[in-house]
Amino acid sequence: MTERIVVVGAALVHGGRLLAARRSAPPDLAGRWELPGGKVEPGETPERALVRELREELGVEAEVLERVPGEWPLKPGYVLVVWAARLLPGSAGPRPLEDHDELRWLAPGEIWDVDWLDQDVGAVKGALPWLDPGA
């Protein structure tokens, strides 16, 4: 059996808004939007991988909250799993440091204003409950 590679994504929420990141590479994904994250490294838990990826890609310190139900296939052998997360108090604001050229905080009514990567659409739908400003 082939081992699958887990890619973690963050439904990073702040003030009732969701962070979307526009890909700058590779060329076939550039210009489309995704939830930030990356591959889980050997010996790493998905939650630790997500905290590391958010630090590397966005320069933020975040707390993982709860897994978004479901998983979404990527290219063969890869699967996307998503967690709701929030910025830790005192964290810097997110900046596009790696693999992205633009970030946007999207309010619930703006979620579908960006061209999400196909595999992220289901994850974004699953993350919508965390956009309640009172949550």
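## Close-up views of a predicted model

**View 1. The largest pocket and its lining.** In this predicted model, the largest pocket holds about 530 Å³ of space. Its lining is made up of 21 residues, and those closest to the centre of the pocket are V7, R23, L29, E34 and L74. Several elements each give two or more residues to this lining, namely strand 1 (5-14), strand 4 (37-39), helix 1 (46-58), strand 7 (78-87) and helix 2 (118-127).

**View 2. R23, one of the residues closest to the centre of the largest pocket.** This arginine belongs to strand 2, which covers residues 17-23. With a relative accessible area of 13%, R23 counts as buried, because that value is under 20%. The side chain of R23 reaches the side chain of E34 in a polar contact of 3.1 Å, and E34 is itself listed among the residues closest to the pocket centre. Apart from its neighbours within four places in sequence, R23 is in contact with L29, A30, G31, R32, E34, D99, H100, D101 and L117.

View 3. H100 is placed in strand 8, which spans residues 100-106. The relative accessible area of H100 is 5%, so this histidine is buried. The side chains of H100 and E34 are joined by a polar contact of 2.6 Å, while the side chain of E34 also takes part in the 3.1 Å polar contact with R23. If residues up to four places away in sequence are not counted, H100 touches A21, R22, R23, S24, E34 and E57.

View 4. Most residues other than glycine have a negative phi, and most peptide bonds are trans. The peptide bond that runs from A25 to P26, however, is cis, with omega near -10 degrees, and P26 is found in the loop between strand 2 and strand 3 (33-34). D99, although it is not a glycine, has a positive phi of about 70 degrees. This aspartate lies in the loop between strand 7 and strand 8, and with a relative accessible area of 34% D99 is partly exposed. D99 is also one of the residues in contact with R23.

**View 5. Two separate nonpolar cores.** The largest nonpolar core has 21 residues, and within this core the residues with the most contacts are L18, L35, V82, I111 and W116. Strand 1, strand 2, strand 7 and helix 2 are the elements that give two or more residues to this core. Around I111, once its neighbours within four places in sequence are left aside, the contacts are with L18, L106, W116, V124, L128 and L131.

**View 6. R48 in helix 1.** The relative accessible area of R48 is 63%, which means that this arginine is exposed, whereas R23, at 13%, is buried. R48 and W130 stand 82 residues apart in sequence, and their C-alpha atoms are 20 Å apart in space.

Definitions and conventions. Residues are numbered from 1 along each chain as its sequence is written. This is a predicted model: local features need pLDDT of at least 70, side-chain atom pairs count only at pLDDT 80 or more; totals for chains, interfaces and linings use all residues. Side-chain values use heavy atoms; hydrogens and water are left out. On a 1 Å grid over the protein atoms alone, a cavity is a set of points where a 1.4 Å probe fits but cannot get out, and a pocket is an open set with protein on both sides within 12 Å along at least five of seven lines; lining residues have an atom within 4 Å of a point. Grid points are joined across faces, edges and corners, and a volume is the space filled by probe spheres set on the points. Helices (H or I, at least four residues) and strands (E, at least two) are DSSP runs, numbered from the N terminus. Buried means under 20% relative accessible area, exposed over 50%, partly exposed in between (1.4 Å probe, protein chains only). A polar contact is a pair of N or O atoms within 3.5 Å; within protein, one must be able to donate a hydrogen and the other to accept it, and residues adjacent in sequence count only if both atoms are side-chain atoms. Contact means heavy atoms within 4.5 Å. A nonpolar core is a set of buried Ala, Val, Leu, Ile, Met, Phe, Trp, Tyr and Cys residues joined through side-chain atoms within 4.5 Å.
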